[in-house]
Amino acid sequence: MSRAALLARYRQLVLDELPRRARQGRWVVTADHCFGRIVLDHAVGGRWYDVLDRRRSPAFAQLDDDRLAAAVALAERIAAEGDPLLRELDAQSLTWRAKPAKR
């Protein structure tokens with residue numbers, strides 16, 4: 001998949017598809033910015049803003065090709081597996097931020 005196609009798919013998943021499915025399925029996370037946080041954190045292996053420039057928007061466009069492909073693959077996996085996987089990924093993302101996991 002080309003970089004342009006990966007960027008478009010990331011946007012589609014994180015900004016539209018995942019939040020819509022999350023609201024319908026009552027997943028632990030429903031906001032697009034939360035999906036972005038979770039996917040970006042896992043793409044870089046920690047708090048995304050420790051690796052990417054939070055002043056340059058959009059953050060996902062700063063990912064190199066390998067990390068961008070990994071982010072899209074993870075978002076696709078969330079779409080396929082839903083809330084159980086999302087809860088695990090969200091808990092890890094919150095741990096990286098020293099925040100308690102949601103119940």
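Where is the place of R26 in this structure? R26 sits in the loop between α1 and α2, where helices (H or I, at least four residues) are DSSP runs numbered from the N terminus. The model is a predicted one, in which local features need pLDDT of at least 70 and side-chain atom pairs count only at pLDDT 80 or more, while totals for chains, interfaces and linings use all residues. Residues are numbered from 1 along each chain as its sequence is written, and side-chain values use heavy atoms, with hydrogens and water left out.

R26 has a positive phi of about 55 degrees although it is not a glycine. With a relative accessibility of 72%, R26 counts as exposed. The term exposed stands for over 50% relative accessible area, buried for under 20%, and partly exposed for values in between (1.4 Å probe, protein chains only). A98, in the segment after α4, also has a positive phi, near 60 degrees, and is likewise a residue other than glycine. A98 counts as exposed because its relative accessibility is 73%. Just after α3, G82 takes a positive phi of about 75 degrees. Another backbone feature is the peptide bond from S57 to P58, which is cis, with omega near 0 degrees; P58 belongs to the loop between α2 and α3.

Helix α3 comes next. The 17 residues of α3 (residues 65–81) should span 24 Å at 1.5 Å a residue, and the end C-alpha atoms are 24 Å apart, which agrees. The expected span is 1.5 Å times one less than the number of residues in the helix. The buried residues of α3 are L68, A71, V72, L74, A75, I78 and A79. Seen down the axis of α3, these buried residues fall within an arc of 160 degrees, so they line one face of the helix; the arc is that of the directions from the helix axis to the C-beta atoms. Among the elements covering the buried residues of α3 are α1 (3–25), α2 (32–44) and α4, with contact meaning heavy atoms within 4.5 Å.

The face of α3 turned away from its buried side carries the exposed residues D66 and A80. D66 has a relative accessible area of 65% and is therefore exposed. D66 and R3 are 63 residues apart in sequence, yet 9.8 Å apart in space, C-alpha to C-alpha. D64 caps the N-terminal end of α3, with a side-chain oxygen 3.2 Å from the backbone nitrogen of D66.

Helix α4 can be read in a similar way. At 1.5 Å a residue, its 14 residues should span 20 Å, and its end C-alpha atoms are 20 Å apart, which agrees. Its buried residues are D83, L85, L86, L89, D90, S93 and L94. Down the axis of α4, these buried residues fall within an arc of 160 degrees, so they line one face of the helix. On the other side of α4, P84, E88 and T95 are exposed. The cover over the buried residues of α4 includes α2 and α3.

The largest nonpolar core has 32 residues, of which Y10, L18, F35, L40, L63, I78 and L86 touch the most other members. The elements that give two or more residues to this core are α1, α2, α3 and α4. Such a core is a set of buried Ala, Val, Leu, Ile, Met, Phe, Trp, Tyr and Cys residues joined through side-chain atoms within 4.5 Å. Leaving aside neighbours within four places in sequence, L86 is in contact with W27, V28, V29, F35, I38 and I78.

A search of the whole structure finds two aromatic pairs. Y10 and F60 form a stacked pair, 4.4 Å centre to centre with 25 degrees between the planes. This pair links Y10 in helix α1 to F60 in the loop between α2 and α3, 50 residues apart, and both residues are buried. The rings of W48 and Y49 have their centres 5.7 Å apart and their planes at 80 degrees, so that pair is edge-to-face. Rings of Phe, Tyr and Trp (its six-membered ring) pair if their centres lie within 6.5 Å; planes under 30 degrees apart count as stacked, over 60 as edge-to-face and the rest as tilted. W48 is buried, at 16% relative accessibility, whereas Y49 is partly exposed, at 25%.

Notes
A polar contact is a pair of N or O atoms within 3.5 Å; within protein, one must be able to donate a hydrogen and the other to accept it, and residues adjacent in sequence count only if both atoms are side-chain atoms.
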